[in-house]
Amino acid sequence: MRYEYSEVELQQLHLHLYKIAAEFDRVCRKHDINYFIIGGTAIGAFYWDGIIPWDDDIDIGMRRKDYERFLEIAPHELDGSFFLQWVGTDAHTPFWFTKIRENNTLFKESQFKKADIHHGISIDVFPFDNIPASRLAERLQYAVFGFFNACFIGKDIWQWKYCGNCEVEEPRPRGFLTCLLTRLVVLTCSKTMLYKALRFVQNWFNGLDTAYCKNIMTEKDKVRIKDITPPQEVRFGALKLKAPNRLEDYLRTHYTVLNKHLPKEQQINHRPAELSFDTRSKSQGQNKE
């Protein structure tokens, strides 16, 4: 059964997300690192000047060079209340991207609840890499990345019906032969090797002068490079965060239909299996330091 928020819980969760975003923005401004809000976070800024009322996360994009600089700088710059989670700091993370977690909190997603990782409330930071004008080349990159990402996740959590003990309640769709190939790669490659393979695929077109960059894991989440060099500032709650210029145009490349008022059944969020705003009073230590 998925976790259902009360109105008070959702409001409190938003306060924690704003707190993490403020610290992220502080570090980036101090070191002149560009970023831009993406996805549902950008929709929230466009319609509500903040988090979508029913949403429970914040998503950030960075061009590759900025992303790598952030990974180098953040461990030394983030306030001690936060933890930078990526494979370099949390060996069993199933996430190829980066999360900034708040210590002494708990946001345990159902799909990854068995992972031996920091499970604090977090915001997500994704690298954006150049994509080619050729749609065929872009699809090939997307497919290869998707395969290696499944192998990366499979090192710690097996999510499929075949070739292993499924560790999630609802197996993700994947055919037997693909599962078999995934299992063979998981058995023969280290987590570090798989992460390097992911970065290699993401960097295929970064040496080219291209019009768009993209979160390679997605089919549509791309942004025009000239719209983020530099990005604009937008209101986001009490904060000023950076966003793509021509924000509506960016959103329409990712979402076929933009609609501020969605029916209740379409108001999707992550609804964690477990949620706590302060684990210190409980026997649920979540810090990994």
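## Helix α1

Helix α1 comprises 24 residues, and its first and last C-alpha atoms lie 35 Å apart, close to the 34 Å expected at 1.5 Å a residue. The expected span is 1.5 Å times one less than the number of residues in the helix. Helices (H or I, at least four residues) and strands (E, at least two) are taken as DSSP runs and numbered from the N terminus. This is a predicted model, in which local features need pLDDT of at least 70 and side-chain atom pairs count only at pLDDT 80 or more, whereas totals for chains, interfaces and linings use all residues. Residues are numbered from 1 along each chain as its sequence is written, and side-chain values use heavy atoms, with hydrogens and water left out.

The buried residues of α1 include Leu10, Leu13, Leu17, Ile20, Phe24 and Val27, and among them are also His14, His16, Glu23, Asp25 and Cys28. Here buried means under 20% relative accessible area, exposed over 50%, and partly exposed in between (1.4 Å probe, protein chains only). After α1 comes Asp32, with a positive phi near 55 degrees.

## Salt bridges

The whole structure holds 20 salt bridges, each defined by a side-chain nitrogen of Lys or Arg within 4 Å of a carboxyl oxygen of Asp or Glu. One of them joins Glu77 to Lys30, with 3.1 Å between the closest N and O atoms. Glu77 belongs to helix α3 (residues 64-77) and Lys30 to helix α1 (residues 7-30), so this pair ties together parts that are 47 residues apart in sequence. Lys30 is exposed, at a relative accessible area of 53%.

A salt bridge also forms between the side chains of Glu169 and Lys113 (3.1 Å, N to O). This pair links distant parts of the chain, 56 residues apart: Glu169 is in the loop between α4 (135-154) and α5 (176-188), and Lys113 is in the loop between β5 (106-108) and β6 (122-131). Glu169 is exposed, with a relative accessible area of 60%, whereas Lys113 is partly exposed at 31%.

Within helix α7 (residues 247-254), Glu248 and Arg252 are 4 residues apart and so are separated by about one helical turn. Their side chains meet in a salt bridge (3.0 Å, N to O). Both count as partly exposed, Glu248 at 33% relative accessible area and Arg252 at 44%.

## Cysteines

The structure contains 0 disulfides, a disulfide being a pair of cysteine sulfur atoms within 2.5 Å. Cys151 is in no disulfide, and the nearest cysteine sulfur, that of Cys189, is 7.5 Å away. Cys151 is buried, at 0% relative accessibility.

For Cys213, the closest cysteine sulfur is that of Cys28, 15 Å away and too far for a bond. Cys213 is likewise buried, with a relative accessible area of 0%.

## Second largest pocket

The lining divides into 4 nonpolar, 5 polar and 4 charged residues. Ala, Val, Leu, Ile, Met, Phe, Trp, Tyr, Cys and Pro count as nonpolar, Asp, Glu, Lys and Arg as charged, and the others, Gly among them, as polar.
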